[in-house]
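Please prepare a briefing on the model shown here.

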Amino acid sequence: MKICRFDDNRLGIVEGTVVRDVSAALDCLPRHGYPLPNYDPLIANLPQLRARIEAVAPHCRTRPLADIRLLSPIANPGKIIAAPVNYKKHLDEARAQPQIHHDSQVAEIQRIGLFLKANSSLVGPAEGIALQHPDRRNDHEAEVVVVIGKSGRNIGRAEASDYIAGYCIGLDMTVRGPEERSLRKSIDTYSVLGPWLVTADEIADSANLDFWLTVNDEARQRANTRDLIIGIPELIEFASSFYTLHPGDVIFTGTPEGVGPVLPGDRIVVELQGVGRMEVAVRSE
Ligand code: MN
(Lines give C-alpha, C1' and ligand atoms only; values in the text may rest on other atoms or scores of the structure.)
Protein backbone atom coordinates (compact mmCIF):
# COMPACT_ATOMS: atom_id res chain seq x y z
CA MET A 1 0.00 0.00 0.00
CA LYS A 2 1.19 3.50 -0.86
CA ILE A 3 0.00 5.86 1.89
CA CYS A 4 0.29 9.63 1.56
CA ARG A 5 -0.57 12.77 3.51
CA PHE A 6 -1.74 15.68 1.45
CA ASP A 7 -3.33 19.13 1.45
CA ASP A 8 -4.71 19.93 4.91
CA ASN A 9 -3.53 16.72 6.67
CA ARG A 10 -5.68 14.45 4.54
CA LEU A 11 -4.86 10.74 4.24
CA GLY A 12 -4.64 9.10 0.83
CA ILE A 13 -3.69 5.90 -0.90
CA VAL A 14 -1.92 6.24 -4.22
CA GLU A 15 -3.36 4.24 -7.12
CA GLY A 16 -1.35 4.94 -10.25
CA THR A 17 -1.93 8.57 -11.19
CA VAL A 18 -4.72 9.19 -8.68
CA VAL A 19 -5.03 9.46 -4.91
CA ARG A 20 -7.99 8.01 -3.08
CA ASP A 21 -8.93 10.24 -0.14
CA VAL A 22 -9.29 7.79 2.76
CA SER A 23 -9.22 10.42 5.51
CA ALA A 24 -12.34 8.77 7.00
CA ALA A 25 -10.09 5.90 8.14
CA LEU A 26 -8.25 8.23 10.53
CA ASP A 27 -11.14 7.78 12.99
CA CYS A 28 -9.52 4.50 14.09
CA LEU A 29 -6.46 6.29 15.49
CA PRO A 30 -6.37 7.08 19.22
CA ARG A 31 -6.68 10.73 20.20
CA HIS A 32 -3.72 11.99 22.23
CA GLY A 33 -3.81 14.78 24.77
CA TYR A 34 -0.88 16.36 26.57
CA PRO A 35 1.82 15.11 26.72
CA LEU A 36 2.10 13.83 23.18
CA PRO A 37 3.69 10.40 22.61
CA ASN A 38 7.34 10.15 21.48
CA TYR A 39 6.35 8.11 18.44
CA ASP A 40 4.12 8.57 15.41
CA PRO A 41 0.55 7.42 16.21
CA LEU A 42 -0.31 6.61 12.59
CA ILE A 43 2.66 4.27 12.14
CA ALA A 44 2.14 2.78 15.62
CA ASN A 45 -1.38 1.77 14.53
CA LEU A 46 -0.59 0.90 10.92
CA PRO A 47 -2.11 -2.63 10.88
CA GLN A 48 -5.46 -1.38 12.23
CA LEU A 49 -5.33 1.64 9.95
CA ARG A 50 -4.73 -0.50 6.86
CA ALA A 51 -7.75 -2.64 7.68
CA ARG A 52 -9.85 0.50 8.17
CA ILE A 53 -8.56 2.00 4.91
CA GLU A 54 -9.57 -1.14 3.03
CA ALA A 55 -13.04 -0.98 4.60
CA VAL A 56 -13.72 2.66 3.69
CA ALA A 57 -11.83 2.88 0.36
CA PRO A 58 -14.68 1.73 -1.93
CA HIS A 59 -16.75 4.71 -0.74
CA CYS A 60 -13.96 7.29 -1.11
CA ARG A 61 -13.44 9.57 -4.06
CA THR A 62 -10.22 9.91 -6.03
CA ARG A 63 -8.32 12.96 -7.23
CA PRO A 64 -5.48 13.31 -9.73
CA LEU A 65 -2.07 13.11 -8.06
CA ALA A 66 -1.09 16.21 -10.01
CA ASP A 67 -3.77 18.26 -8.19
CA ILE A 68 -2.75 17.59 -4.58
CA ARG A 69 -0.01 18.95 -2.32
CA LEU A 70 2.04 16.11 -0.83
CA LEU A 71 3.13 16.45 2.82
CA SER A 72 5.66 14.33 4.70
CA PRO A 73 4.14 10.83 4.92
CA ILE A 74 5.33 10.66 8.53
CA ALA A 75 3.81 13.56 10.47
CA ASN A 76 5.49 13.11 13.85
CA PRO A 77 8.64 11.00 13.79
CA GLY A 78 10.18 10.60 17.24
CA LYS A 79 13.58 11.10 15.67
CA ILE A 80 15.30 11.42 12.32
CA ILE A 81 18.42 9.27 12.26
CA ALA A 82 20.89 9.59 9.39
CA ALA A 83 23.92 7.70 8.11
CA PRO A 84 26.74 10.08 7.16
CA VAL A 85 28.94 8.49 4.49
CA ASN A 86 27.48 5.14 3.55
CA TYR A 87 28.47 4.64 -0.10
CA LYS A 88 32.13 3.98 -0.94
CA LYS A 89 32.18 6.25 -4.02
CA HIS A 90 30.67 9.11 -2.00
CA LEU A 91 33.38 8.60 0.64
CA ASP A 92 35.97 8.88 -2.14
CA GLU A 93 34.42 12.07 -3.59
CA ALA A 94 34.06 13.66 -0.15
CA ARG A 95 37.71 12.97 0.65
CA ALA A 96 38.78 14.38 -2.74
CA GLN A 97 36.81 17.66 -2.48
CA PRO A 98 37.71 20.05 0.39
CA GLN A 99 34.47 21.98 -0.28
CA ILE A 100 32.55 18.86 0.77
CA HIS A 101 34.54 17.72 3.80
CA HIS A 102 35.87 21.07 5.20
CA ASP A 103 38.21 19.11 7.44
CA SER A 104 35.15 17.66 9.19
CA GLN A 105 35.12 14.01 10.06
CA VAL A 106 34.92 12.10 6.81
CA ALA A 107 35.68 8.48 7.51
CA GLU A 108 34.09 5.07 7.36
CA ILE A 109 30.64 5.00 8.90
CA GLN A 110 31.82 2.21 11.19
CA ARG A 111 34.08 4.80 12.88
CA ILE A 112 31.95 7.95 12.91
CA GLY A 113 28.57 6.33 13.44
CA LEU A 114 25.21 8.02 12.90
CA PHE A 115 23.82 11.50 13.50
CA LEU A 116 20.42 13.08 14.17
CA LYS A 117 18.53 15.73 12.21
CA ALA A 118 16.05 18.02 13.99
CA ASN A 119 12.39 17.03 13.52
CA SER A 120 11.65 20.70 12.80
CA SER A 121 13.61 20.37 9.54
CA LEU A 122 11.06 17.89 8.13
CA VAL A 123 8.82 18.82 5.19
CA GLY A 124 6.97 17.07 2.40
CA PRO A 125 7.72 17.45 -1.31
CA ALA A 126 5.10 20.16 -1.96
CA GLU A 127 6.51 22.39 0.77
CA GLY A 128 9.83 22.71 -1.04
CA ILE A 129 13.30 23.63 0.20
CA ALA A 130 14.08 27.17 1.41
CA LEU A 131 17.82 27.80 1.20
CA GLN A 132 19.01 29.45 4.39
CA HIS A 133 22.64 30.44 3.64
CA PRO A 134 22.64 31.20 -0.09
CA ASP A 135 26.24 32.47 0.07
CA ARG A 136 27.39 28.94 1.00
CA ARG A 137 27.23 25.69 -0.92
CA ASN A 138 23.88 23.92 -0.39
CA ASP A 139 23.89 20.32 -1.62
CA HIS A 140 21.28 17.74 -2.47
CA GLU A 141 21.68 14.24 -1.02
CA ALA A 142 19.23 11.66 -2.38
CA GLU A 143 18.67 8.83 0.09
CA VAL A 144 16.56 5.75 0.65
CA VAL A 145 14.67 6.15 3.93
CA VAL A 146 13.47 3.29 6.08
CA VAL A 147 10.55 3.87 8.46
CA ILE A 148 10.51 1.94 11.74
CA GLY A 149 7.22 0.16 12.49
CA LYS A 150 7.50 -0.94 16.12
CA SER A 151 9.57 -0.22 19.21
CA GLY A 152 12.80 -2.08 19.77
CA ARG A 153 16.24 -1.86 21.31
CA ASN A 154 19.32 -3.94 20.50
CA ILE A 155 17.63 -5.33 17.42
CA GLY A 156 19.75 -7.92 15.64
CA ARG A 157 20.24 -7.64 11.90
CA ALA A 158 18.53 -11.00 11.35
CA GLU A 159 15.27 -9.72 12.89
CA ALA A 160 15.53 -6.14 11.58
CA SER A 161 12.96 -6.66 8.81
CA ASP A 162 10.29 -7.29 11.49
CA TYR A 163 10.76 -3.67 12.60
CA ILE A 164 10.31 -2.01 9.20
CA ALA A 165 6.97 -0.33 8.40
CA GLY A 166 8.00 0.79 4.95
CA TYR A 167 10.14 3.00 2.76
CA CYS A 168 10.24 6.56 1.45
CA ILE A 169 12.51 8.79 -0.56
CA GLY A 170 14.54 11.32 1.44
CA LEU A 171 16.50 14.44 0.62
CA ASP A 172 19.15 15.11 3.26
CA MET A 173 19.81 18.74 2.33
CA THR A 174 23.13 20.07 3.55
CA VAL A 175 24.98 23.35 3.95
CA ARG A 176 28.65 22.52 3.42
CA GLY A 177 31.00 23.88 6.03
CA PRO A 178 33.04 23.04 9.11
CA GLU A 179 30.19 22.86 11.65
CA GLU A 180 28.63 19.71 13.09
CA ARG A 181 26.42 17.77 10.68
CA SER A 182 23.40 18.12 12.95
CA LEU A 183 23.61 21.92 12.66
CA ARG A 184 24.18 22.07 8.91
CA LYS A 185 21.53 19.48 8.07
CA SER A 186 18.76 20.56 10.48
CA ILE A 187 17.79 23.86 8.88
CA ASP A 188 14.02 24.25 8.35
CA THR A 189 12.99 22.32 5.19
CA TYR A 190 16.36 20.50 4.94
CA SER A 191 14.80 17.06 5.54
CA VAL A 192 12.38 16.23 2.74
CA LEU A 193 10.40 13.01 3.02
CA GLY A 194 8.10 11.69 0.35
CA PRO A 195 6.38 11.18 -1.90
CA TRP A 196 4.48 8.64 0.20
CA LEU A 197 5.10 5.63 2.46
CA VAL A 198 5.36 2.34 0.59
CA THR A 199 4.61 -0.43 3.06
CA ALA A 200 7.31 -3.05 3.54
CA ASP A 201 5.27 -5.86 1.95
CA GLU A 202 5.58 -4.09 -1.45
CA ILE A 203 9.40 -4.09 -1.44
CA ALA A 204 10.71 -7.59 -2.12
CA ASP A 205 14.41 -6.75 -1.66
CA SER A 206 15.45 -3.41 -0.16
CA ALA A 207 19.09 -4.37 -0.79
CA ASN A 208 18.58 -4.07 -4.55
CA LEU A 209 16.78 -0.80 -5.32
CA ASP A 210 17.84 1.64 -8.02
CA PHE A 211 17.43 5.33 -7.32
CA TRP A 212 18.48 8.49 -9.09
CA LEU A 213 18.32 12.25 -8.79
CA THR A 214 18.17 15.04 -11.36
CA VAL A 215 18.37 18.81 -10.99
CA ASN A 216 16.55 20.68 -13.77
CA ASP A 217 16.60 17.36 -15.73
CA GLU A 218 20.40 17.10 -15.43
CA ALA A 219 21.49 13.68 -14.08
CA ARG A 220 23.44 14.06 -10.80
CA GLN A 221 23.14 10.92 -8.66
CA ARG A 222 22.43 7.31 -9.58
CA ALA A 223 23.00 4.29 -7.36
CA ASN A 224 21.63 1.03 -6.03
CA THR A 225 21.18 0.10 -2.37
CA ARG A 226 23.37 -2.96 -2.96
CA ASP A 227 26.29 -0.50 -2.79
CA LEU A 228 25.51 0.61 0.78
CA ILE A 229 28.57 0.18 3.04
CA ILE A 230 26.27 -0.67 5.97
CA GLY A 231 23.02 -2.19 4.70
CA ILE A 232 19.56 -1.51 6.08
CA PRO A 233 19.41 -4.44 8.56
CA GLU A 234 22.85 -3.52 9.91
CA LEU A 235 21.83 0.16 10.21
CA ILE A 236 18.83 -0.86 12.33
CA GLU A 237 21.11 -3.03 14.48
CA PHE A 238 23.61 -0.17 14.83
CA ALA A 239 21.02 2.56 15.57
CA SER A 240 19.11 0.42 18.05
CA SER A 241 22.31 -0.33 19.96
CA PHE A 242 22.34 3.40 20.86
CA TYR A 243 18.66 4.43 20.79
CA THR A 244 15.35 2.70 21.38
CA LEU A 245 13.63 2.84 18.02
CA HIS A 246 9.96 3.79 17.99
CA PRO A 247 7.17 3.56 15.39
CA GLY A 248 7.63 6.38 12.90
CA ASP A 249 11.33 6.91 13.56
CA VAL A 250 13.03 7.32 10.20
CA ILE A 251 16.53 6.37 9.11
CA PHE A 252 18.11 8.23 6.19
CA THR A 253 20.44 5.51 4.92
CA GLY A 254 23.09 7.71 3.28
CA THR A 255 23.72 9.31 -0.08
CA PRO A 256 25.74 7.98 -3.01
CA GLU A 257 28.26 9.88 -5.13
CA GLY A 258 27.19 12.82 -7.26
CA VAL A 259 26.19 15.29 -4.53
CA GLY A 260 26.17 18.84 -5.80
CA PRO A 261 24.89 22.36 -5.22
CA VAL A 262 21.36 23.67 -5.79
CA LEU A 263 20.17 27.25 -6.24
CA PRO A 264 16.83 29.04 -5.85
CA GLY A 265 14.60 28.17 -8.78
CA ASP A 266 16.02 24.67 -9.18
CA ARG A 267 13.75 21.65 -9.44
CA ILE A 268 14.98 18.40 -7.86
CA VAL A 269 13.47 15.10 -8.94
CA VAL A 270 14.28 11.83 -7.16
CA GLU A 271 13.00 8.44 -8.23
CA LEU A 272 13.26 5.22 -6.23
CA GLN A 273 12.47 1.83 -7.70
CA GLY A 274 9.32 0.37 -6.15
CA VAL A 275 8.42 3.64 -4.44
CA GLY A 276 7.91 6.36 -7.03
CA ARG A 277 8.90 9.83 -8.06
CA MET A 278 9.32 12.90 -5.86
CA GLU A 279 9.60 16.44 -7.18
CA VAL A 280 10.81 19.29 -4.95
CA ALA A 281 11.28 22.98 -5.73
CA VAL A 282 14.15 25.02 -4.29
CA ARG A 283 13.61 28.68 -3.30
CA SER A 284 15.42 31.35 -1.34
CA GLU A 285 14.47 31.76 2.31
MN1 MN B 1 23.16 12.30 3.95
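Ile236 is in contact (heavy atoms within 4.5 Å) with Ile148, Ile155, Ala160, Ile164, Leu245 and Ile251, leaving aside residues up to four places away in sequence. The model is predicted: local features need pLDDT of at least 70, side-chain atom pairs count only at pLDDT 80 or more, and totals for chains, interfaces and linings use all residues. Residues are numbered from 1 along each chain as its sequence is written, and side-chain values use heavy atoms, with hydrogens and water left out.

**Nonpolar cores**

- A nonpolar core is a set of buried Ala, Val, Leu, Ile, Met, Phe, Trp, Tyr and Cys residues joined through side-chain atoms within 4.5 Å; buried means under 20% relative accessible area, exposed over 50%, and partly exposed in between (1.4 Å probe, protein chains only).
- The largest nonpolar core has 56 residues, of which Ile129, Leu171, Ile236 and Ile268 touch the most other members.
- Helix 7 (residues 232-240) gives the most to this core, with five residues; helices (H or I, at least four residues) and strands (E, at least two) are DSSP runs numbered from the N terminus.
- Domain 1 (2-67) and domain 2 (80-284) each supply at least three residues to this core, the domain bounds coming from an automatic or database assignment.
- Val22, Leu46, Cys60 and Leu193 are included in a second, separate core of 28 residues.

- An open sheet is formed by three strands in the order 12-9-17, with antiparallel pairing; strands pair if DSSP finds at least two bridges between them.
- Strand 12 (174-175) and strand 17 (260-261) are at the edges with a single partner strand each, so one side of each has no neighbour in the sheet.
- Strand 9 (residues 138-140) is joined to strand 12 by two bridges, and Asn138 stands opposite Val175 in strand 12.

**Salt bridges**

- There are 22 salt bridges in the structure, each a side-chain nitrogen of Lys or Arg within 4 Å of a carboxyl oxygen of Asp or Glu.
- Arg50 and Asp201 meet through their side chains in a salt bridge (2.9 Å, N to O).
- Arg50 lies in helix 2 (residues 46-56) and Asp201 in the loop between strand 13 (191-199) and strand 14 (210-215), so this pair ties together parts 151 residues apart in sequence.
- Asp201 counts as exposed, at 54% relative accessibility.
- Arg176 and Asp139 form a salt bridge (2.8 Å, N to O), and both residues are buried.
- A network of salt bridges links Lys117, Arg137, Asp139, Glu141, Asp172, Arg176 and Lys185.
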